[in-house]
Amino acid sequence: MNHKTKLQFILILLVVLITVWFVFEYLLNDNKIVKNNNITPHSDLLKNDSSNFIDEINYSSIDDKGNKYELNAKQGEVDISNSDIMFLNDVTAYVYLNNKSVIKIISDFGKYNLINYDTIFSKNVIMTYVDHKIIGEYLDFSLQTNLSTMSTDVVYTSGETRLDADMVEIDIATKDSKIFMNDNIKKVTIVGAQ
């Protein structure tokens, strides 16, 4: 072999070696990184798709008596074990009674049933109706039974009258209410009544 052919052979061998080294060093390692990058966004997508949080919720319904119920919340979370139940944060609800009266309810949290519209309001609950105001920590509000039950640290005010009690039950249809203590020995405290 002449000198020129040897040099060409060495150059071709060198090019092949450099190409093989380049493939193993950069392309195969990049494929591993690309595979990892493809997996990571996919798992992030799965997390976002499986999230059960919803922002800015608004539900509205009308019962067979013509009463309209409107519920708004800053955020809600669908119950994983029962998709008909939604847990709510920063809740405001309005009940537009067919006689044109409006009940307003606000609370920090709520539990809303999408099927029967029953709602449990909890923590810092305030219910107002005309000049009546009831404050408590727990309100079970049911359009099905037409019953609203406020409990835990209940304060009822109307005009200059204030009542402190354990529980207030209000019939939504008739507006009749019962204010009482859980312990029969204790009495409802009334301030400002004449």
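Here is a short chat about a predicted model and why some of its parts get the labels they do.

User: Let's start simple. What is the chain built from, and how do its elements follow each other?

Analyst: The chain has one helix and ten strands. Going along the sequence, the pattern reads α-β-β-β-β-β-β-β-β-β-β. As for burial, 28% of the 194 residues count as buried.

User: Why is L17 called exposed?

Analyst: Exposed means over 50% relative accessible area. L17 comes out at 52%, so L17 counts as exposed. You'll find L17 in helix α1, which covers residues 3-50.

User: Which residues make the nonpolar surface patch?

Analyst: F9, I10, L13 and L17 make that patch, and its area is about 420 Å².

User: And what makes such a group a patch?

Analyst: The residues need over 30% relative accessible area and no salt bridge, and nonpolar side chains are joined within 5 Å. Take L17 as an example: its 52% is over the 30% cut-off, so L17 passes that part of the test.

User: What makes the contact between R162 and D164 a salt bridge?

Analyst: You need a side-chain nitrogen of Lys or Arg within 4 Å of a carboxyl oxygen of Asp or Glu. In this pair, the N to O distance is 3.1 Å. That is within 4 Å, so the pair gets the name. The structure holds one salt bridge.

User: Are those two partners buried, partly exposed or exposed, and how do you know?

Analyst: Buried is under 20%, exposed is over 50%, and partly exposed is in between. R162 has 37% relative accessibility, so R162 is partly exposed. D164, at 24%, is in between as well, and therefore D164 is also partly exposed.

User: What stands out about the phi of E56?

Analyst: E56 has a positive phi of about 50°, although E56 is not a glycine. E56 belongs to strand β1, residues 53-62.

User: Why does E56 count as exposed?

Analyst: Its relative accessibility is 60%, and the cut-off is over 50%, so E56 is exposed.

User: What about D90: what is its phi, and where is it found?

Analyst: The phi of D90 is near 55°, a positive value in a residue other than glycine. D90 is found in strand β3, residues 85-96. With a relative accessible area of 42%, D90 falls between 20% and 50%, so the label is partly exposed.

User: How much space lies in the largest pocket, and what lines it?

Analyst: The largest pocket holds about 210 Å³ of space. It is lined by 15 residues, and the closest to its centre are M127, Y129, H132, I170 and K175. The elements that give two or more residues to the lining are β5 (119-129), β6 (132-142), β7 (147-158) and β8 (161-171). Of these, β6 gives the most, with four residues.

User: What kinds of residues are in that lining?

Analyst: Eight are nonpolar, four are polar and three are charged.

Key: Residues numbered from 1 in each chain as written. Predicted model: local features only at pLDDT ≥ 70, side-chain atom pairs only at ≥ 80, totals over all residues. Heavy atoms only, no water. Patch = residues over 30% accessible without salt bridge, like charges linked within 9 Å, V, L, I, M, F, W, Y side chains within 5 Å. Areas by Shrake-Rupley, 256 points an atom, 1.4 Å probe, with all protein chains shown as cover. Buried < 20%, exposed > 50% of the residue type's maximum accessible area, 1.4 Å probe, protein only. 1 Å grid on protein atoms, 1.4 Å probe; cavity = no way out; pocket = protein on both sides within 12 Å on 5 of 7 lines; lining within 4 Å. Points joined across faces, edges and corners; volume = space filled by probe spheres on them. Nonpolar A, V, L, I, M, F, W, Y, C, P; charged D, E, K, R; others polar.
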